Amino acid sequence: MLNLKFIQDNPDLVVEKLKRKNFDASEIVSTIINLNAQKNKLQAEADQAKAEMNKISKEIGMLFREGKAEEANAAKARTSEIKENIKNFDTDFSAIEEKVNDLLVQLPNLPHDSVPFGKAEEDNEILKTVGEIPTLHENAVPHWELAAKYNLIDFELGVKITGAGFPVYRGKGAQLQRALINFFLAEGTLAGYEEIQPPLLVNEASGFGTGQLPDKEGQMYHATEDNLYLIPTAEVPVTNIYRDVILDAKNLPYKNTAYSACFRREAGSYGKDVRGLNRLHQFDKVEIVQVAHPEKSYAILDEMVAHVEGLIKKLGLPYRLLRLCGGDVSFASALTFDFEVYSTAQEKWLEVSSVSNFESFQANRLKLRFREEGVKKPQLAHTLNGSALALPRIVAALLENNQTPEGIKIPEVLIPFTGFDMIN
RNA sequence: GGAGAGAUGGCAGAGUGGUCGAAUGCGGCGGUCUUGAAAACCGUUGUACCGCGAGGUACCGGGGGUUCGAAUCCCUCUCUCUCCGCCA
């Protein structure tokens, strides 16, 4: 959520910047400014009426105590009109406030100046492509065939137990999952992130805090009886650790990492791109989250990108780094870098990580603030997060790229975590 | 699932209709003392909104009501805790 005061002070800037996200904000912004002016006027009037009311009430109290009941009752008579006015002011005020809030949550975050103009995926800026794309042997196959051949992942069994998009990992397939999770968490801990094991279901307030609610409800599984949502990413519970808090500036940045299963309804996504592990309703991911000082957040974004890059490098996967264009950057993000690894058997790039700076957009909803030494007024912190990493497509790429006629080779760094060096 | 208790400032915890944005203690910050520290003592210490400012308004879990006046009374919702049952 953008800051109301900021919009008030910089309406043209907001409209201009949002063009980069292909969002025409002119109408919303001007409506907000209009309504806000009315709102302020109403508040001034209401406050004045309330001040008068408070004064009279105090006087009445004093008169009663002095035993001047007659004067007190006379004073009472004066209050009814003021009371009526206050009621009207408050009703109007709430109505306007609600409208302003409805409009405010419709505005996406302002994109960073480095975000390229563009409509969709294909307009993303490729910053670098790293690593050799391996030459596979003649009989190389995509990961879903490898998964079946070595009995690593059973998609049909998942369909039986739950439904499509809920694979069953087994044997070395399951062990590989566990190894990757442990490897990613260990690397996070080494990089100074505190490990968190968060709840997998969250309440409405948390969903709102990170921006999934109210608009993206359909993307989350909803346990309606208890009104709880299954998390689409650990970002939600972890970032909400910092909801409604005022932090000490000297303790910034806060760094957390968390493994969680992630649940996504992703309604309406079918077709050839969703085969195997490419797109699932339940998957595993290790997330990194930071709460940062506004002046440091972009340096921290770079640091997080470097961390993710290190993970992919250690796994020996060919990858590329993208800067998302305005059309592809998410609603809440100011700047997002994506990592894609190359799936040699499928001959395509698969997104495995998204690292974003949300600046104060989430913080504003979360009421996540910090206080600078000696400064009385708290200010909004910046939040950042990134996948480090999402497992399914990493697994897909590992299986495909490392396949040999003898079996699938496990990357060196993972062997201590898997306990085996080959799947055969 | 059954029964009961409760929700007040960073924390603990008073406050049952007016002088309560709220005692007191702890914590935090500043100071005195000290070579330094501790102790002791003194002072200070919520957030948001409106206003150029003086200042004003709101907030004692959320919403509604009674009243000139509500942390305090009434209704309602949510959440938390305790005991019993069930269970990893």
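Colleague: Where is the place of Asn-124?

Modeller: Asn-124 sits in the loop between H4 and strand E1 (125-130), where helices (H or I, at least four residues) and strands (E, at least two) are DSSP runs numbered from the N terminus. Please keep in mind that this is a predicted model, in which local features need pLDDT of at least 70 and side-chain atom pairs count only at pLDDT 80 or more, while totals for chains, interfaces and linings use all residues. Residues are numbered from 1 along each chain as its sequence is written, chains are lettered from A and ligands numbered from 1 in the order in which they are written, and side-chain values use heavy atoms, with hydrogens and water left out.

Colleague: Is Asn-124 buried or exposed?

Modeller: Asn-124 counts as buried because its relative accessible area is 10%, and buried means under 20% relative accessible area, exposed over 50% and partly exposed in between, with a 1.4 Å probe and protein chains only.

Colleague: And what does the side chain of Asn-124 make a polar contact with?

Modeller: The partner is the side chain of Asp-328, at 3.0 Å. A polar contact here is a pair of N or O atoms within 3.5 Å; within protein, one must be able to donate a hydrogen and the other to accept it, and residues adjacent in sequence count only if both atoms are side-chain atoms.

Colleague: What about Leu-104, is that buried or exposed?

Modeller: Leu-104, which lies in helix H4, is buried because its relative accessibility is 4%. The C-alpha atom of Leu-104 is separated by 37 Å from that of Thr-79, and the two residues are 25 apart along the chain.

Colleague: Stepping back, into which domains is chain A divided?

Modeller: There are domain 1 (4-104) and domain 2 (121-423), with bounds that come from an automatic or database domain assignment. The C-alpha centres of domain 1 and domain 2 lie 44 Å apart, and the C-alpha trace of chain A spans about 100 × 45 × 45 Å along its principal axes. Chain A has 13 helices and 19 strands, and 49% of its 424 residues are buried.

Colleague: Now the RNA. Which residues come nearest to RNA strand B?

Modeller: Gln-43, Asp-47, Ser-57, Arg-369 and Arg-371 come nearest, out of 23 residues around RNA strand B, a residue being near if one of its heavy atoms lies within 4 Å. Of the atoms of RNA strand B that come within 4 Å of the protein, sugar and phosphate account for 71%.

Colleague: Can you give me a few atom pairs?

Modeller: A backbone N or O atom of Ser-57 lies 2.7 Å from a base nitrogen of RNA strand B, whereas a side-chain N or O atom of Arg-369 is 3.1 Å from a sugar or linking oxygen. Lys-83 has a polar side-chain atom 3.4 Å from a phosphate oxygen of RNA strand B.

Colleague: Which elements give two or more residues to that surface?

Modeller: They are helix H3 (26-65), helix H4 (69-104) and strand E14 (368-371), and H3 gives the most, with 13 residues. H3 has 40 residues and reaches 58 Å from its first C-alpha to its last, close to the 58 Å expected at 1.5 Å a residue, where the expected span is 1.5 Å times one less than the number of residues. After H3 comes Gly-67, whose phi is positive, near 80°.

Colleague: Last topic, the strands. How many bridges join strand E12 to strand E13?

Modeller: Nine bridges join strand E12 (residues 335-343) to strand E13 (residues 348-357), and the two run antiparallel; strands pair if DSSP finds at least two bridges between them. Asp-338 has Ser-354 as its bridge partner in E13, and in the hairpin of E12 and E13, with four residues between the strands, Glu-347 takes a positive phi near 55°.

Colleague: What else does E13 pair with?

Modeller: E13 pairs with strand E16 (residues 382-390) in the antiparallel sense over three bridges, and Asn-357 stands opposite Leu-384 in E16.
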